Amino acid sequence: MEKKEVLWIYQKMNEIRFFEEEVHRTFGKGLIPGFVHLYAGEEAVATGVMALLDDEDYITSTHRGHGHAIAKGCDIRGMMAEIMGKKDGLGGGKGGSMHVADVEKGMLGANGIVGGGFGLAAGAALSIKTLGRDNVAVCFFGDGASNEGTFHEGLNLASILNLPVIFVCENNQFGEGTPFRYASASETVAERASAYNMPGVRVDGMDVEAVYNATKEAIVRAKAGQGPTLIECDTYRMFGHFEGDEQKYKTDQDPNRDRDPIVELRAKAIQKGWMTETEANDIETAAKATIKDAVEFAEASPLPDLSSLYTDIFA
Ligand SMILES: Cc1ncc(C[n+]2csc(CCOP(=O)(O)OP(=O)(O)O)c2C)c(N)n1
């Protein structure tokens, strides 16, 4: 990784963490309607991948999508307003947390349907291939989603059509309260790639450099016309499955439970000379200010007008 990229990654990781901590507080105050699934703890995955993408590359996201959206460059004020159901939200306040999207940024949408991104990403990659563009599509999904039928359909189709798509599994060890080791017949998600004739790699998802390197290789393959790759990132979510989850299924022995990808990157980047202590402090202060500003913006934004009730409706 280059210094410039590391500084960007550290900034985005901090923005995601402060954003999620703020959403946690705001939800606790009763200011957020609907369900919220927080991304904190998994920051190394979104940022390690997104450091290598630009606006013309596509991503599909999940119900736990705030981190993907921030790293893909979605407007943070618009995201906070959307989550609070306000008029100035990215979707006019009508979608909420699980429908944050910004097509201009290549963020094709968070998704309330577990496993809903596989077909969308394959389709986006098919459009890239058909139009002869030099881009990729990335499908983020959880370990739970890897047991949905759409996983198998999506990987198979992407492989036979040789599509420029990268399937990134965020294995945070649980699908709601069900441990992956209980729910999966295979020990890893990565090994399933062989059934679909594509490389499957498993990386430390708390180490942003490992995620970055695996993604870089997958992008080279995709752009060289060599088709899809499956990357499994071992990670952990700091909060519950959803806000309000008692998390009784978690144990002290859970791998990665005591790790923090942001703390780890900070130490590694300073030690490697990628970032100074002062730069790290400045980034943290700026990220905090960005999120404070977003909350103030969202709180001041009005609720959608009653007259907008029947707009944006297709049928
Ligand atoms: C098709 C479908 N089935 C079930 C659900 C209910 N549900 C919401 S999140 C979730 C668990 C998903 O686990 P995983 O894919 O590992 O993602 P994580 O929550 O761990 O990020 C389930 C079962 C859903 N939203 N959609």
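Which strands does helix α8 (residues 208-223) lie across? In this predicted model, α8 lies across β3 (165-171), β6 and β7 (229-234). The helix runs at about 175° to β7.

**Sheet**

The strands β1-β2-β3-β7-β6, in that order, form an open sheet of five with parallel pairing. At its edges stand β1 (58-60) and β6 (200-204), each of which pairs on one side only. From one strand to the next the twist averages 20°. Strand β1 pairs with β2 (residues 137-142) in the parallel sense, over three bridges. Within this pair, Thr60 stands opposite Cys139 of β2. In general, strands of a sheet pair through backbone hydrogen bonds, either parallel or antiparallel.

**Helix α10**

Helix α10 covers residues 277-300. Its 24 residues should span 34 Å at 1.5 Å a residue, and because the end C-alpha atoms are 35 Å apart, the two values agree. Ile283, Ala287, Ile291, Ala294, Val295 and Ala298 are buried in α10. An α-helix has 3.6 residues a turn, so residues three or four places apart point the same way.

**Ligand surroundings**

Around the ligand there are 15 residues, of which Val114, Gly142, Gly144, Ala145 and Gly175 come nearest. The table divides the shell by class.

| Class | Residues in the shell around the ligand |
|---|---|
| Nonpolar | four residues |
| Polar | eight residues |

Methods. Residues are numbered from 1 along each chain as its sequence is written. This is a predicted model: local features need pLDDT of at least 70, side-chain atom pairs count only at pLDDT 80 or more; totals for chains, interfaces and linings use all residues. A residue is near a molecule or strand if its C-beta atom, placed from the backbone, lies within 6 Å of it. Ala, Val, Leu, Ile, Met, Phe, Trp, Tyr, Cys and Pro count as nonpolar, Asp, Glu, Lys and Arg as charged, and the others, Gly among them, as polar. Helices (H or I, at least four residues) and strands (E, at least two) are DSSP runs, numbered from the N terminus. The expected span of a helix is 1.5 Å times one less than its number of residues. A residue is buried if 20 or more other C-beta atoms lie within 10 Å of its own, exposed if 12 or fewer, and partly exposed in between; C-beta atoms are placed from the backbone. Two strands pair if DSSP finds at least two bridges between them. Axes are lines fitted to C-alpha atoms, for helices over the stretch in contact, and angles run from 0 to 180 degrees between N-to-C directions. Two residues are in contact if their C-beta atoms, placed from the backbone, lie within 7 Å.
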